[in-house]
Amino acid sequence: RLPVLVGGVLLQHHSFQVITFVLDNSARKELEQRKDAFISMASHELRNPLTALKLQTSLLHQQLVKQSLQAPALSSMQTQINKLIRLVEDLLDVSKIQAGKLGYRQERVDLDALLHEVADTMQQIEATHTIVVRGATSCSLVGDKDRLGQVFTNLLSNAIKYSPHARTIEMDLSASDEAVTIRVQDHGLGIPREKRDKIFDRFYRVADPRQKAIPGLGVGLYIVSEIVKHHRGTITVESEPGKGSTFQVMLPQKRT
Ligand code: ADP
């Protein structure tokens, strides 16, 4: 009887482990789902009042301009509101990616014009850094203009954010028959080798004392890599801690 009993105990012990594992897994899944639902709900709830505030401040601004009045406090409010809207929209994009619902348009995109547009807009907001754009005069591909603009904006905004001392950011565009390559180079903090694969993960941020004061949610590069993937492209990074980073996006040219 003993071996059977021992066998029975072993079997029970074994199934206990299996049950714990199944419970663990489903509890973790449920928590993940709840977290995703929370992010989606919270970002929707935050977006509406922010959009209303944006509208009201811009109306107020127009009225003041009509009376030839300057309102620096109002401009700074508008900048803060725009930053908050950007954060909330990033969170909404993460929810949409998780749900497989991030929509893409198919249109001809002039990448050269888009890159200049993004650089000009960023240069107006961030006067602290100089953005230099170099490269091919004309190249286009089929994709989603706004989403590709979001890729360049995010990379540029990171390059600025993580370069508190080095003030020049270079963007560079080159094209072959098959592909377009966009590089965004900074001379800032850099990324340690062992962290380079992880920075594209959802909610991942490099835990470095020098980066602690730099704000962020750790979703920008996750969204960037999803958009690049959707366009059948690749994104890679070269970096040297203390010297800077270069992000390279390669997008295949799909002729129409
Ligand atoms: P966030 O900037 O909001 O933290 P991202 O997903 O855009 O989120 O980036 C993830 C992490 O990758 C950042 O927290 C930062 O540690 C690192 N990182 C991204 N871009 C750069 C860069 N240009 N230079 C140095 N570190 C970077």
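This is a predicted model: local features need pLDDT of at least 70, side-chain atom pairs count only at pLDDT 80 or more; totals for chains, interfaces and linings use all residues.
Strand S5, residues 179–185, is mostly covered, with five of its seven residues buried. On one side of the pairing scheme stands strand S4, residues 168–175, which runs antiparallel to S5 and is joined to S5 by six bridges. Within this pair, Asp-172 has Arg-183 of S5 as its bridge partner. Three residues separate S4 from S5, and the two strands form a hairpin.

S5 also pairs with strand S7, residues 244–252, again in the antiparallel sense, over seven bridges. Here Val-184 has Phe-247 of S7 as its bridge partner.

The segment after S7 holds Gln-253. With a relative accessibility of 15%, Gln-253 counts as buried because the limit for that class is under 20%. A polar atom of the Gln-253 side chain lies 3.0 Å from the backbone oxygen of Ser-176. Setting aside residues up to four places away in sequence, Gln-253 touches Ser-140, Leu-141, Ala-175, Ser-176, Asp-177, Glu-178, Ala-179 and Val-180.

The next element to follow is helix H2, which spans residues 72–98 and contains Leu-87. Leu-87 has 38% relative accessibility and so counts as partly exposed. Together with Leu-84 and Leu-217, Leu-87 forms a nonpolar patch on the surface, and the three have about 230 Å² of accessible area together. Asp-90 is placed in helix H2 too. Is Asp-90 buried or exposed? Its relative accessible area is 9%, so Asp-90 is buried. Apart from neighbours within four places in sequence, Asp-90 is in contact with Gln-150, Val-219 and Ile-223. Of these, Gln-150 falls within helix H4, residues 145–161, and Ile-223 within helix H5, residues 220–230.

Charged pairs come next. Side chains of opposite charge can pair when their charged atoms come close. The whole structure contains 15 salt bridges. One of them links Glu-89 and Arg-47, whose closest N and O atoms are 3.9 Å apart.

Another salt bridge joins Lys-145 to Glu-117, with the closest N and O atoms 3.8 Å apart. Because Lys-145 lies in helix H4 and Glu-117 in helix H3, residues 111–125, the pair ties together parts that are 28 residues apart in sequence. Lys-145 is partly exposed, with a relative accessible area of 31%, and Glu-117 is likewise partly exposed, at 41%.

The side chains of Glu-226 and Lys-229 meet at 3.2 Å, N to O. Both residues lie in helix H5, three residues apart, which is about one turn of the helix. Lys-229, at 53% relative accessibility, counts as exposed. Elsewhere, salt bridges that share partners join Glu-32, Lys-35, Asp-36 and Arg-202 into one network.

Technical notes: Residues are numbered from 1 along each chain as its sequence is written. Side-chain values use heavy atoms; hydrogens and water are left out. Buried means under 20% relative accessible area, exposed over 50%, partly exposed in between (1.4 Å probe, protein chains only). Helices (H or I, at least four residues) and strands (E, at least two) are DSSP runs, numbered from the N terminus. Two strands pair if DSSP finds at least two bridges between them. Patches are made of residues with over 30% relative accessible area and no salt bridge: like charges are joined within 9 Å, nonpolar side chains (Val, Leu, Ile, Met, Phe, Trp, Tyr) within 5 Å. Accessible areas come from the Shrake-Rupley method with a 1.4 Å probe; for residues, only the protein chains shown count as cover. A salt bridge is a side-chain nitrogen of Lys or Arg within 4 Å of a carboxyl oxygen of Asp or Glu. Contact means heavy atoms within 4.5 Å. A polar contact is a pair of N or O atoms within 3.5 Å; within protein, one must be able to donate a hydrogen and the other to accept it, and residues adjacent in sequence count only if both atoms are side-chain atoms.
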